[in-house]
Amino acid sequence: MGEMEQCKVIAHQFVQNYYETLDKIVLRQNLTHVYTDEAQVVYEGQLYTGKQAVMEKLMNLPGNMARICSAVDALIIESGYLLVNIMGQQKVDQDPPLGFVHSFVLTQKDNRIFIAKEIFRLVLHDV
């Protein structure tokens, strides 16, 4: 398997596992193990720095969610770092589905994948 194909496999597995954990409120706390201590997350324009701040944000997200990922793209950006970009729709409780874009910079240590950087934004249009 070539390098790009391997990146795609890693990205798809990561995305599936991440959203299965994030989207169920009872599992969300388990994500603490995927963030580096220095992780930085921009969520809807607000910066959260450090694992504790990131987890506080995630734990305060609304109830259970469901997602459909329309596209998952991956690219090695430098040795040891993988950029993953996701486009899709999310549904929270009984609210209508909303589009989103979600990007991660992943790193590997001791054969485990960690999130170093992350950006999440709902795709909302003011009409």
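**A walk through the predicted chain**

Val 54 has a relative accessibility of 2% and therefore counts as buried, the cut-off for that class being under 20%. Val 54 belongs to helix α2, which spans residues 51–59. Apart from neighbours within four places in sequence, Val 54 is in contact with Tyr 35, Ala 39, Val 41 and Tyr 48. Strand β1 covers residues 35–43.

The chain as a whole comes next. There are 2 helices and 6 strands, and in sequence order they give the pattern α-β-β-α-β-β-β-β. The radius of gyration is 14 Å, which agrees with the value near 14 Å for a compact globule, because that is what the rule gives for 127 residues. Along the principal axes, the C-alpha atoms fill a box of roughly 40 × 30 × 25 Å. Buried residues make up 37% of the 127. Among contacts with a separation of 6 or more, 47% are between residues 24 or more positions apart.

What does the side chain of Asp 23 join in a polar contact? The partner is the side chain of Arg 67, at 2.9 Å. Once neighbours within four places in sequence are set aside, the residues in contact with Asp 23 are Arg 28, Gly 63, Asn 64, Met 65, Ala 66 and Arg 67. Strand β3 runs over residues 65–78.

Asn 64 lies in the loop between α2 and β3. With a relative accessible area of 38%, Asn 64 is partly exposed, because that class lies between under 20% for buried and over 50% for exposed. The side chain of Asn 64 reaches the backbone nitrogen of Ile 25 at 2.9 Å. Beyond neighbours within four places in sequence, Asn 64 is in contact with Asp 23, Lys 24 and Ile 25, and also with Lys 91, Val 92 and Asp 93. Strand β4 is made up of residues 81–92. Asn 64 and Gln 94 are 30 residues apart in sequence, while their C-alpha atoms are 10.0 Å apart in space.

The largest pocket holds about 260 Å³ of space. It is lined by 13 residues, and those nearest its centre are Gln 13, Phe 14, Asn 17, Val 34 and Ile 113. Two or more lining residues come from each of α1 and β6 (112–123). The most come from α1, with 6 residues. By class, this lining comprises 6 nonpolar, 6 polar and 1 charged residues.

The second largest pocket has a volume of about 220 Å³. Its lining consists of 13 residues, with Cys 7, Ile 10, Ile 76, Leu 82 and Gln 108 nearest the centre. Which elements each supply at least two residues of this lining? They are α1, β3, β4 and β5 (98–109). The largest share, 4 residues, is from α1. Divided by class, the lining of the second largest pocket has 7 nonpolar, 4 polar and 2 charged residues.

The last stop is the loop between β5 and β6, where Asp 110 is found. Asn 111 lies in the loop between β5 and β6 as well. Asp 110 has a phi near 50°, a positive value in a residue other than glycine. For Asn 111, phi is near 60°, again positive in a residue other than glycine. Are these residues buried or exposed? Asp 110 is exposed, because its relative accessible area is 68%. Asn 111 is exposed too, with a relative accessible area of 72%.

Key
Residues numbered from 1 in each chain as written. Predicted model: local features only at pLDDT ≥ 70, side-chain atom pairs only at ≥ 80, totals over all residues. Heavy atoms only, no water. Polar contact = N/O pair within 3.5 Å; in protein donor to acceptor, adjacent residues only side chain to side chain. Contact = heavy atoms within 4.5 Å. 1 Å grid on protein atoms, 1.4 Å probe; cavity = no way out; pocket = protein on both sides within 12 Å on 5 of 7 lines; lining within 4 Å. Points joined across faces, edges and corners; volume = space filled by probe spheres on them. Nonpolar A, V, L, I, M, F, W, Y, C, P; charged D, E, K, R; others polar. Buried < 20%, exposed > 50% of the residue type's maximum accessible area, 1.4 Å probe, protein only. Rg over C-alpha atoms; globule rule 2.2 N^0.38 Å.
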